[in-house]
Structures are given as C-alpha cells and as structure tokens.
Amino acid sequence: MVTVKVNETKWRIPERVTISEWIDIQTWDVTNEAHWPYVINAISGIPVEEFIDAPEDSMQMFMGFVISATNRRTLKHQPDFNSLNFGEFVDLDCYMALGVEKHIEQILEVMKVDTPWADEALAVIEQFIKWRNTIYKQYKSLFGLEDKDFMDHEPSDEAYDPREVSRGWYQVIVDLAGEDVLKMDRIAEEPLQKILTFLQIKKERAQATANEARKIRNKQR
C-alpha cells in the first residue's frame, strides 16, 4: 500500500486493483484530467470532493500510482487453451469483440479462472489473445485472412459492429447443426481443431468446385 496525504488526511492507495475496481476505472477517460478524481476514487475510495482545487502535480502523482496498478500483470496460472471446445472458443471470441471491459467476468468464467485481481485476470486474457492469433494464423484461409492482417497497423476508420462476430459464429453453428436446434449444443461441445479443420476442408472443396464451374463456363463462351 502507498500512503498519500490529501488535505491533511492520509489515504492508502493499493498497489494492485481488483477486477471490479478495474471495471469501474474503464468507465472513465484517463486522458481527461477532469475524470482523474473519479478514477482515483475507483481505486482508493478517496472522496471526489477531496480533490477540489488540488495541485496539478499531486493529481499527476496520484494518477501515476493508478496507471502503475492497472498496468500491472501477474501470470499466476496459465490455462490450457488447447482444451477449449468449439463453443467455448466462440464464446470467448464474441466476448472479446464486444469488449473485455464489459465482459471480463464472463471471459474468466469460460476460462475457468478464479481470481479477484485484475493483474492476474488480464495477464491470462493477454495470453489467450496471443494463442487465439496462432489459431487464426493456422486457419487464415478459412477466416479469409492474409499475413498483413497480423501486422501492427492503425485501426480502420470503417464502421465496425462487434455484434457481427456473434452473428457470424451463430450462423456457422446453425449450418453445422443442419438447422436443427437440438444439435447445436452437440456442435458447440466438439473439439475446436476438429471443427475448424472440417470447416477449412469444406471451404476448400467449395472453392475448388466454384473454380471448376468457372472454367467450364469460360470454355463455353
């Protein structure tokens, strides 16, 4: 704990934050100085009123502690992501698209990670993102990706609806289940690699058939 003095009162600022505190912090813009009292309040409990007319250097010092605590990562337990079934992978992919800050608790539940600390939870999530990228690279033709898609680049200005990720995966499950709702859970419980390999082979066959049909049409012209 770090002890600081505000208007003659000593307060303690924790060196790490809980998941609930981290979620509260995400609702504020840390780049906006007007939000700093609320950000500090989320992690320390210091009343916002205490920071009225507070010196700028004091506020910067406070934010330094907050940023240090929220940037902390501690990888205490590494889940076996290869054991995820297809449905669990889909759930995680959808939650990631919708926003970690909104669905961190659901993400941890799917991963079977039990911790109250944000630094431990976020460390696991970052490891999952790295692992997920290897899956996308392995099946890049299935997902319609190219090598350049895995390079660091500026975010696109095009409108993006994260709900499309959920709709896309749902459609895949419906198709694999033969539009039989009673079979959808069975599909979701299948091993991830088994389903993705099947989808990739299916896509390659469909492309080969389309290419052959195109050749036939060209010959007939």
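Let me start in helix 6 (residues 118–138), where Phe128 and Trp131 both lie, three residues apart, about one turn of the helix. Helices here are DSSP runs of H or I with at least four residues, numbered from the N terminus.

A word on the source. This is a predicted model, where local features need pLDDT of at least 70 and side-chain atom pairs count only at pLDDT 80 or more, while totals for chains, interfaces and linings use all residues. Residues are numbered from 1 along each chain as its sequence is written, and side-chain values use heavy atoms, with hydrogens and water left out.

Now the rings. Rings of Phe, Tyr and Trp (its six-membered ring) pair if their centres lie within 6.5 Å; planes under 30 degrees apart are stacked, over 60 edge-to-face, and the rest tilted. That rule gives eleven aromatic pairs. One of them is Phe128 with Trp131, tilted, at 5.8 Å centre to centre and 35° between the planes. Phe128 and Trp131 are both buried, meaning under 20% relative accessible area, with exposed over 50% and partly exposed in between (1.4 Å probe, protein chains only).

Next, Phe143 and Trp169. Their ring centres are 6.0 Å apart and the planes stand at 75°, so this pair is edge-to-face. Phe143 is in helix 7 (residues 140–143) and Trp169 in helix 8 (residues 163–176), so the pair ties together parts 26 residues apart in sequence. Phe143 counts as partly exposed, at 25% relative accessibility; Trp169, at 7%, counts as buried.

Note on methods:
Helices (H or I, at least four residues) and strands (E, at least two) are DSSP runs, numbered from the N terminus.
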